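I opened my notebook today to look around a protein model, one feature at a time. Come along and check each entry against the picture.

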Amino acid sequence: MASERFVTLKERLDRMDSRRQKKRYAKMIEKYLEGEFSEELKKLTRKEGQILVKLIHRETGITTHALVKTYRNGLRASVYQFTAKLFDIDLKTKFKGLLRPSHIDY
């Protein structure tokens, strides 16, 4: 479900011209997703968090760290990486296996 929403977000952002529009739209979507998934994400165990990071890479073909860096900023990505490391999770982890054929053009 999150992968489908990511594809939609990317398509809509690609159609927008100004950086300001993109930032506003991304912020709006972030708040919506945060409200929808935050309670479930808070309940994840360390192992489940590690698996989630790998699943995000498998679904998008991009590491979680790179996604945050691209759609937020490098500082935020570094802060998230540091915080994740406290819980033995590496946002730069890649899925090692057969990647799903990507329907996303990067």
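Here are my notes, starting with the ground rules.

**Ground rules**

I am working with a predicted model, where local features need pLDDT of at least 70, side-chain atom pairs count only at pLDDT 80 or more, and totals for chains, interfaces and linings use all residues. I number residues from 1 along each chain as its sequence is written, and side-chain values use heavy atoms, with hydrogens and water left out.

**Entry 1: the core**

I looked up the largest nonpolar core and found five residues: Leu9, Leu13, Met16, Tyr25 and Ile29. Such a core is a set of buried Ala, Val, Leu, Ile, Met, Phe, Trp, Tyr and Cys residues joined through side-chain atoms within 4.5 Å. The elements giving two or more residues to this core are α1 and α2. My helix names come from DSSP runs (H or I, at least four residues), numbered from the N terminus.

I also noted how I sort residues: buried is under 20% relative accessible area, exposed is over 50%, and partly exposed lies in between (1.4 Å probe, protein chains only).

**Entry 2: helix α2**

Which residues of α2 are buried? I found Tyr25, Ile29 and Phe37. I then followed the helix and saw that α2 bends by about 45° at Glu36. That bend is the angle between axes fitted to the seven residues ending there and the seven starting there.

**Entry 3: salt bridges**

How many salt bridges does a search of the whole structure find? It finds five. I count one when a side-chain nitrogen of Lys or Arg is within 4 Å of a carboxyl oxygen of Asp or Glu. As background, side chains of opposite charge can pair when their charged atoms come close.

I looked at Lys10 and Asp14, whose salt bridge is 3.3 Å from N to O. Lys10 and Asp14 are about one helical turn apart, because they sit four residues from each other in helix α1 (residues 2-15). Is Lys10 buried or exposed? Lys10 counts as buried because its relative accessibility is 15%, while Asp14 is exposed at 53%.

Next I checked Lys42 and Glu39, which meet at 3.8 Å, N to O. They are three residues apart in helix α2, so about one helical turn separates them. Lys42 is exposed, with 63% relative accessible area, and Glu39 is partly exposed, with 48%.

My reminder on spacing: an α-helix has 3.6 residues a turn, so residues three or four places apart point the same way.

I also found Arg58 bridged to Glu59, with the closest N and O atoms 3.4 Å apart. Arg58 is partly exposed at 30% relative accessibility, and Glu59 is partly exposed at 21%.

**Entry 4: helix α5 and beyond**

I found Gln81 in helix α5 (residues 74-86). Gln81 counts as buried because its relative accessible area is 11%. What does Gln81 touch, not counting residues up to four places away in sequence? I listed His65, Asp90, Leu91 and Lys92, taking contact to mean heavy atoms within 4.5 Å.

Asp88 is not a glycine, although its phi is positive at about 60°. Most residues other than glycine have a negative phi. Asp88 is exposed, with a relative accessible area of 52%.

**Entry 5: one last stop**

I placed Leu44 in the loop between α2 (19-42) and α3 (46-60). Leu44 is partly exposed, with 33% relative accessibility.
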